[in-house]
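Visitor: I have not looked at this structure before. Can you walk me through it, starting with the terms I will need?

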Amino acid sequence: MSQGPRSGLTAVSSALLAMSRHLEVRDVLKTIVASARELLDAQYAALGVPDDHGGFAQFVVDGVSDEQWKAIGPLPRQHGILAAMLQEARPERLADVRKDPRFEGWPAAHPEMSDFIGLPIRDGDEIIGALFLANKRCAKPEGSCGFTQEDEDLLAILAQHAAIALTNARLYERSRELTISEERSRLAHELHDAVSQKLFSLRLTAQAAAALVDRDPSRAKGELHQVARLAAEAADELRAAVVELRPAALEEDGLVATLRTQIQVLDRAHSARVSFASSGFRALPAAQEEALLRVAQEALHNALRHSGAQHVDVTLGRHACGAVLRVTDDGSGFEPKSIRRAGRHLGLVSMRDRAGGVGGSLTVESAPGKGTTIEMEVPGG
């Protein structure tokens with residue numbers, strides 16, 4: 001009898017420590033779900049964070065493969081048992097979720113589930129999420145629930161600390177976004193003050209040169225030299241501003257963490273599912289990392305704004321001494337040659353320039369109705 005409580009407390013302690021190690025919301029959610037499934041020895045676990053439109057802003061699962069999750073389809077709506085967790089704000093333990101009168105079925109690819117436990121996650125009076133677990137891995141009589149009152153008590157402890165971890169992660173992300181916004185605003189004002197004066201002088205000098213071309217070619221030539229000098233100074237101002245615009249998060253956290261955070265924000269903000277995976281990546285010189293980040297941002301913008309994609313997958317991995325970035329979507333695709341002929345580049349010129357500027361290469365694979373893959377390779381410097 002004495003071994004059970006100690007092992008239970010050890011498991012709870014491990015779960016709480018794991019949650020406290022993460023600051024990004026998505027990482028916290030994944031840790032909560034994985035910890036709950038391990039703690040209660042369940043086959044499946046999920047955590048839903050509600051939005052304001054009758055659905056879920058995020059829905060994280062554990063025990064379901066990526067292929068299964070993709071086959072299941074869009075995020076669930078708040079109905080049936082899921083709604084009960086968010087509206088009635090009380091724990092649920094069911095012997096067979098399929099026999100509950102509130103059960104409304106699930107997609108064809110959804111795994112079969114029987115016994116079930118669910119618990120809301122509360123921040124004061126606000127319900128900020130709900131934990132769901134199914135299929136307790138234990139021997140149980142037919143028609144009975146494997147989840148016990150002890151399981152419910154453990155899950156309640158986990159949910160209380162999950163609320164704290166989730167709230168802290170949200171505050172961290174908001175603080176970071178505010179800092180980035182303030183920095184961009186400051187740089188925008190500096191850029192306007194520095195460059196607009198140069199451009200104004202450039203315009204006046206060009207007008208003077210145009211007026212002198214016919215009656216005084218020698219003076220016109222001098223004015224044109226002045227135009228060239230002002231244009232070079234404006235270019236230098238812009239280049240300095242671009243260097244300063246290197247994201248603070250990239251300096252502090254590195255490319256992998258910065259990309260993961262930005263993609264998590266996009267995943268919440270768009271109906272398309274946006275995922276990120278990294279394997280074997282090693283830190284690169286600042287110029288290479290910034291180029292990879294900017295290309296990823298441009299490719300994501302294209303996929304989410306123009307392609308109508310349902311899924312966008314971003315991967316970052318090691319390639320020789322450098323790295324390879326791949327952004328793939330299942331959107332409408334396009335014919336690259338016709339895009340160029342029509343004068344619409346979708347940022348491809350900018351992306352190629354960024355890749356070439358750090359000694360890398362960019363390839364684009366796309367066809368109408370076949371989605372798009374953008375791949376960028378860079379050396380290690």
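Guide: Start with burial: a residue is buried under 20% relative accessible area, exposed over 50% and partly exposed in between, using a 1.4 Å probe and protein chains only. Helices (H or I, at least four residues) and strands (E, at least two) are DSSP runs, numbered from the N terminus. This is a predicted model, where local features need pLDDT of at least 70 and side-chain atom pairs count only at pLDDT 80 or more, while totals for chains, interfaces and linings use all residues. Residues are numbered from 1 along each chain as its sequence is written, and side-chain values use heavy atoms, with hydrogens and water left out.

Visitor: OK. How many residues of helix H4 are buried?

Guide: Seven of the eight residues in H4, which covers residues 80-87, are buried, and the helix is mostly covered. The buried ones are Gly-80, Ile-81, Leu-82, Ala-83, Ala-84, Met-85 and Leu-86.

Visitor: And what covers the buried residues of H4?

Guide: The cover includes strands E1 (42-50), E2 (56-62), E3 (92-94), E4 (116-123) and E5 (126-136). Contact here means heavy atoms within 4.5 Å. After the helix comes Ala-89, with a positive phi near 55°.

Visitor: Pick one residue there. What does Met-85 touch?

Guide: Leaving out residues up to four places away in sequence, Met-85 touches Arg-90, Glu-92, Gly-118, Leu-119, Pro-120, Ile-127, Ala-130 and Phe-132. Met-85 has a relative accessible area of 0%, so it counts as buried. Met-85 and Pro-120 are 35 residues apart in sequence, yet their C-alpha atoms are 5.4 Å apart.

Visitor: Changing topic: how many aromatic pairs are there?

Guide: There are five. Rings of Phe, Tyr and Trp (its six-membered ring) pair if their centres lie within 6.5 Å; planes under 30 degrees apart are stacked, over 60 edge-to-face, and the rest tilted. Phe-56 and Phe-59 make an edge-to-face pair, because their ring centres are 5.2 Å apart and their planes stand at 65°. Both Phe-56 and Phe-59 are buried.

Visitor: Which residues do ring pairs link into a cluster?

Guide: The cluster consists of Phe-56, Phe-59, Trp-69, Phe-116 and Phe-132.

Visitor: What about Phe-103 and Trp-106, how do they sit?

Guide: Phe-103 and Trp-106 are also an edge-to-face pair, 4.8 Å centre to centre with 75° between the planes. Phe-103 is partly exposed at 24% relative accessibility, and Trp-106 is partly exposed with a relative accessible area of 24%.

Visitor: Now the sheet with E6 in it. What order do the strands take?

Guide: Five strands form an open sheet in the order E6-E7-E8-E10-E9, with mixed pairing. Two strands pair if DSSP finds at least two bridges between them. E6 and E9 are the edge strands with a single partner each, so one side of each has no neighbour in the sheet.

Visitor: How do E7 and E8 pair?

Guide: They are antiparallel, over eight bridges. The hairpin they form has two residues between the strands, and Ala-320 in that hairpin has a positive phi near 55°. E8 is also joined to E10 by seven bridges, again running antiparallel. Six of the eight residues of E8 are buried, so the rest of the structure largely encloses this strand.

Visitor: Which strands does H8 lie across?

Guide: H8 lies across E6, E7, E8, E9 and E10, and runs at about 5° to E8. H10 lies across E9 and E10, at about 145° to E9. For these angles, axes are lines fitted to C-alpha atoms, for helices over the stretch in contact, and angles run from 0 to 180 degrees between N-to-C directions.

Visitor: Last topic: which residues touch the most others in the largest nonpolar core?

Guide: Leu-259, Leu-292, Leu-316, Leu-325 and Met-376 do, in a core of 36 residues. H8 gives the largest share, nine residues. A nonpolar core is a set of buried Ala, Val, Leu, Ile, Met, Phe, Trp, Tyr and Cys residues joined through side-chain atoms within 4.5 Å.

Visitor: And what does Met-376 touch?

Guide: Not counting residues up to four places away in sequence, its contacts include Leu-292, Val-295, Leu-325, Ala-355 and Leu-362. Another core, of 29 residues, lies apart from the largest one, with Ile-32, Val-33, Leu-40 and Val-60 among its members.
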